[in-house]
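This briefing goes through one protein model by topic. The sequence and structure come first, followed by the notes.

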Amino acid sequence: MTVADLFAILPQTLLEGLLLGFVYAMVALGYTMVYGVLGLINFAHSEVFMIGAVIGLEVFRFWGNPESPVIANPFLLLLVALIFAAVGSGIMAVLVERFAYRPLRKRGSKNILVPMITAIGVSFLLQDLTRIYAALRHNEFNMQYRTYDALNQTFELPFQTIIQVKGIIIIVVSILMLIGLTYLVNRTKLGKAIRAVSQDMQTASLMGINPDVIISRTFLIGGSLGGVAGVLFGLLYTNVTPYSGVLPGLKAFTSAVLGGIGNIPGAMVGGLILGQLETLSGTYLPFLTNGNFGTEYKDVFAFLTLVLLLLFRPQGIFGQNVSEKV
C-alpha cells in the first residue's frame with residue numbers, strides 16, 4: 001500500500017472512528033452518571049450494555065422473523081428494540097443497585113475496594129446468566145443480528161466516503177442522548193436532585209430529598225442509555241455474545257476517564273477521541289511498522305492513552321481537581 005493509498009482511505013477511516021467513538025461515548029455516559037452521584041466505578045455497566053444488545057437481538061428475531069414478521073418495517077422494529085432494551089437494561093441496572101450496592105452503602109463501608117469488587121462479581125454473574133439463557137434459548141453463544149437492506153443502504157459522501165443508514169442512526173441517537181441527558185441534569189427537578197445528592201448526600205436528605213430514590217433513578221437512566229448503546233452496537237457489528245460488553249465497557253470507562261469522569265460532555269468527547277485513536281492505529285499501524293504489528297494491537301492504544309492521561313492529567317480533559325470531603 002502506497003502513501004497515496006493511505007491518504008485516500010483516511011476519510012473513510014475517520015468516519016469509522018467516529019461511529020466507534022459514538023458507541024463508546026454512549027456507554028461512557030452510564031459510567032459518568034453513576035460516578036457523578038456515588039463516586040462508584042460501576043464495572044457491571046458493561047454487562048448491562050451487553051444485556052441491552054441481547055434484548056435488541058431478541059426483538060429483531062422474534063418480531064422481525066422474515067417468515068411471519070409482526071413488524072415488517074425495519075425502522076419501526078429498530079425503534080421497538082431500542083425501547084425494550086432501554087427498559088430492560090434500566091431495570092437490570094436498578095436491580096443491581098438495589099441488591100448489590102445499596103446494602104454496602106447502608107452498612108457505611110468506607111473501603112472503596114468493596115463496591116468495586118462487588119461490581120466485578122456482578123459482572124461475572126450477569127455474563128453467566130446470559131450464557132445460560134443463550135444456551136437454553138438458542139443453543140449457541142455467538143448470536144447474530146438479522147440484517148436489513150434498508151438499514152444497510154449506503155450513501156456516498158465527499159472524498160469517496162461511504163456511510164450506511166445505520167451509521168447515520170448511531171450518530172443521531174448519540175447526539176440526542178447527549179442533549180437529552182444534559183438537559184435532564186441541568187434543567188429539570190430530577191437533575192437538580194441528582195446534583196444535590198452528588199454534592200452532599202446527607203445535606204440533600206435533610207432538604208427532603210430521598211437519596212435512595214435518586215440513586216435508583218440515576219442507575220435507571222444510566223442503564224437505559226447502556227441498553228440503547230447495546231442495540232446500536234449489535235446493529236453496527238451484527239455479532240453479540242455474553243462477553244460482548246467486556247472490551248467495549250473497558251474502553252468506554254477509558255473514554256469517561258479521558259474526558260473527565262463525572263463530566264457528561266467530557267464522556268462524549270473522550271469516546272470520540274478514543275474511537276479515532278483506535279481506528280487510525282488499527283488502519284495505519286501495520287503500514288508504519290512494516291507489518292510487524294497488526295491491527296489487533298489497536299487495543300493497546302486505548303489503554304496506553306489512559307495510562308498517559310493518568311500520569312499527566314489524572315482529572316481528564318474536562319475534569320477539575322476537587323478536594324476530598326472529610
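**Charged network and packing**

Both R102 and E97 are buried. Their side chains meet in a salt bridge, with an N to O distance of 3.2 Å. The model is predicted, and it holds nine salt bridges.

**Salt bridges**

- E97 also meets R105 in a salt bridge between side chains, at 3.1 Å from N to O.
- E97 counts as buried because its relative accessible area is 0%, under the 20% cut-off.
- R105 has 22% relative accessibility and therefore counts as partly exposed.
- A further salt bridge joins K106 and D212, whose closest N and O atoms are 2.6 Å apart.
- This pair links distant parts of the chain, 106 residues apart: K106 belongs to helix α4 (residues 74-106) and D212 to helix α10 (residues 211-237).
- K106 is exposed, at 56% relative accessibility, whereas D212 is buried, with a relative accessible area of 16%.
- Through salt bridges that share partners, E97, R102, R105, K106 and D212 are joined into one network.

**Nonpolar core**

- The largest nonpolar core has 83 residues.
- Inside this core, the residues with the most contacts are F60, L78, Y101, L181 and L232.
- Helix α2 (residues 10-38) gives the most to the core, with 13 residues.
- Leaving out residues up to four places away in sequence, L181 touches L29, M33, I221, L225 and I264.

**Annotated spans**

- The unreviewed UniProt entry places the feature "transmembrane region" at residues 20-41, 48-64, 76-100, 112-134, 162-185, 219-240 and 252-274.
- Residues 76-100 are 100% helix and 0% strand in the model, and the end C-alpha atoms of this span lie 36 Å apart.
- Residues 162-185 are 88% helix and 12% strand, with end C-alpha atoms 36 Å apart.

**I162**

- I162 lies in strand β3 (residues 161-164).
- With 42% relative accessibility, I162 counts as partly exposed, because that value falls between the 20% and 50% cut-offs.
- I162 touches Q12, L15, T154 and F155, when residues up to four places away in sequence are not counted.
- I162 and L247 are 85 residues apart along the chain, and their C-alpha atoms are separated by 27 Å.

**S255**

- S255 is placed in helix α11 (residues 246-259).
- The relative accessible area of S255 is 0%, so this residue is buried.
- Apart from neighbours within four places in sequence, S255 is in contact with Y24, A28, G266, A267, G270, G271 and L274.

**Surface patch**

- A nonpolar patch on the surface is formed by F293, Y297, V300, F301, L304, V307, L308, L311 and F312.
- Together these residues have about 880 Å² of accessible area.
- F301, one of the patch residues, lies in helix α13 (residues 298-312).
- F301 counts as partly exposed, at 30% relative accessibility.

How values were computed:
Residues are numbered from 1 along each chain as its sequence is written. This is a predicted model: local features need pLDDT of at least 70, side-chain atom pairs count only at pLDDT 80 or more; totals for chains, interfaces and linings use all residues. Side-chain values use heavy atoms; hydrogens and water are left out. Helices (H or I, at least four residues) and strands (E, at least two) are DSSP runs, numbered from the N terminus. Buried means under 20% relative accessible area, exposed over 50%, partly exposed in between (1.4 Å probe, protein chains only). Contact means heavy atoms within 4.5 Å. Patches are made of residues with over 30% relative accessible area and no salt bridge: like charges are joined within 9 Å, nonpolar side chains (Val, Leu, Ile, Met, Phe, Trp, Tyr) within 5 Å. Accessible areas come from the Shrake-Rupley method with a 1.4 Å probe; for residues, only the protein chains shown count as cover. A salt bridge is a side-chain nitrogen of Lys or Arg within 4 Å of a carboxyl oxygen of Asp or Glu. A nonpolar core is a set of buried Ala, Val, Leu, Ile, Met, Phe, Trp, Tyr and Cys residues joined through side-chain atoms within 4.5 Å. UniProt positions are given in the numbering used here, feature names are shortened, and annotations may be inferred rather than shown by experiment.
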